[in-house]
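Welcome! Here are some exercises to work through with the sequence and the model side by side. Try each task before you read its solution.

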Amino acid sequence: MKISEDPDLQPMIFGLFLSMYLITVLGNLLIILAVSSDSHLHTPMYFFLSNLSFVDICFTSTTVPKMIVDILTQSRVISYVGCLTQMSLLIIFGCMDDMLLTVMAYDRFVAICHPLHYPVIMSPHICIFLVFACVFLSLLDLQLHTLIVLKFIYFKDVSISNFCCEPAQILNLDCSENFTKNIITYFVGAIFGFFPMLIILLSYYKITSSILRVPSSGGKYKAFSTCGSHLSVVCLFYGTSIGIYLGSAIVHSPQNSLVSSVMYTVVTPMLNPFIYSLRNRDIKDAL
């Protein structure tokens, strides 16, 4: 697993990724502390945001510390068990990101399109249930991926053109045209890719329709401003994650896969706190 073989670039890469990791952890921790300490932020939207920040910390911690240690030790080796463990954690936390962004889109839909029923529909019990549903679906996604991967013959001395055991690339190690593998792959893509995107698109279609019916321009801006941060994060997350899976399926380019992996496992979790804190007055006040 590698980013660059040039020894002159190793110190710069080490400093860059260490800085990005520390910023990611600190930024997301600040979001969690701000939400938990300010009673004005004890609402469903910020409850889901604090969970998203926690998942982002776990997501980036799955890959970056290992890569930093590899740069220090000049090692490019990961064990079979270590690779499967890293892949499993990437799947769980990546799917959790996906599911939480979908739930947050639904939350914005209810808040804008059904404001009078919002306290009932998004009650604390429902919010907790939705988070547990995200965890359950993430574990289901892991089990479906595991069904495919554990059918592989034990592999060793395999070179992965990436800095982590990216699930899409691990699946590509099996070159056989297996019908069961294809069915499970398409099923997982539909359940955890297509349907969440469909829910998000439908939510924002309804939100846009409701906002356009608001008579004043100030009211329109205020209504849509609560969605701007979430929409930015959705575009960033789905743009990079879809890019890596489509790229690996259509044209296998190690360099493109590496860039996409860095974007959605390192850059996106780092940018999320900035997006929410810079575009959200409540978060800025709490910070």
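**Exercise 1: A cavity and its lining**

The second largest cavity has a lining made of M45, M104, D107, R108, T226, H230 and Y276. This is a predicted model, in which local features need pLDDT of at least 70, side-chain atom pairs count only at pLDDT 80 or more, and totals for chains, interfaces and linings use all residues. Residues are numbered from 1 along each chain as its sequence is written, and side-chain values use heavy atoms, with hydrogens and water left out.

*Task.* Sort the residues of this lining into nonpolar, polar and charged, and find which helix gives the most to the lining.

*Solution.* 
Step 1. Recall what a cavity is: on a 1 Å grid over the protein atoms alone, a set of points where a 1.4 Å probe fits but cannot get out, with lining residues having an atom within 4 Å of a point.
Step 2. Search the whole structure, and two cavities of 30 Å³ or more turn up.
Step 3. Sort the residues: Ala, Val, Leu, Ile, Met, Phe, Trp, Tyr, Cys and Pro count as nonpolar, Asp, Glu, Lys and Arg as charged, and the others, Gly among them, as polar. The lining then splits into three nonpolar, two polar and two charged residues.
Step 4. Now look at the helices, which are DSSP runs (H or I, at least four residues) numbered from the N terminus. Both α4 (80-113) and α9 (217-250) supply at least two residues of the lining. The most comes from α4, with three residues.

**Exercise 2: One residue of the lining**

*Task.* Is R108 buried or exposed, and which residues does R108 touch?

*Solution.* 
Step 1. Locate R108: this residue is in helix α4.
Step 2. Apply the cut-offs: buried means under 20% relative accessible area, exposed over 50%, and partly exposed in between (1.4 Å probe, protein chains only). R108 has 8% relative accessibility, so R108 counts as buried.
Step 3. List its contacts (heavy atoms within 4.5 Å). Not counting residues up to four places away in sequence, R108 touches M45, Y118, I207, T226 and C227.

**Exercise 3: The nonpolar cores**

*Task.* How many residues has the largest nonpolar core, and which residues have the most contacts inside it?

*Solution.* 
Step 1. A nonpolar core is a set of buried Ala, Val, Leu, Ile, Met, Phe, Trp, Tyr and Cys residues joined through side-chain atoms within 4.5 Å.
Step 2. The largest has 59 residues, and those with the most contacts inside it are Y46, F48, L49, M122, I207 and I283.
Step 3. At least two residues of this core come from each of α1 (10-37), α2 (44-61), α4, α6 (124-149), α8 (179-212), α9 and α10 (254-279). Helix α4 gives the most, with 20 residues.
Step 4. Another core lies apart from this one; it has 14 residues, including I13, Y21, V266 and M270.
Step 5. Zoom in on L49: leaving aside neighbours within four places in sequence, L49 is in contact with I31, M104, Y276 and I283.

**Exercise 4: Checking a helix**

*Task.* What span should α2 have, and what distance separates its end C-alpha atoms?

*Solution.* 
Step 1. The expected span of a helix is 1.5 Å times one less than its number of residues.
Step 2. For the 18 residues of α2 this gives 26 Å, and the end C-alpha atoms are 26 Å apart, which agrees.
Step 3. Of those 18 residues, 15 are buried, so α2 is largely enclosed by the rest of the structure.
Step 4. Repeat for α1: its 28 residues should span 40 Å, and its end C-alpha atoms are 40 Å apart, again in agreement.

How values were computed:
1 Å grid on protein atoms, 1.4 Å probe; cavity = no way out; pocket = protein on both sides within 12 Å on 5 of 7 lines; lining within 4 Å. Points joined across faces, edges and corners; volume = space filled by probe spheres on them.
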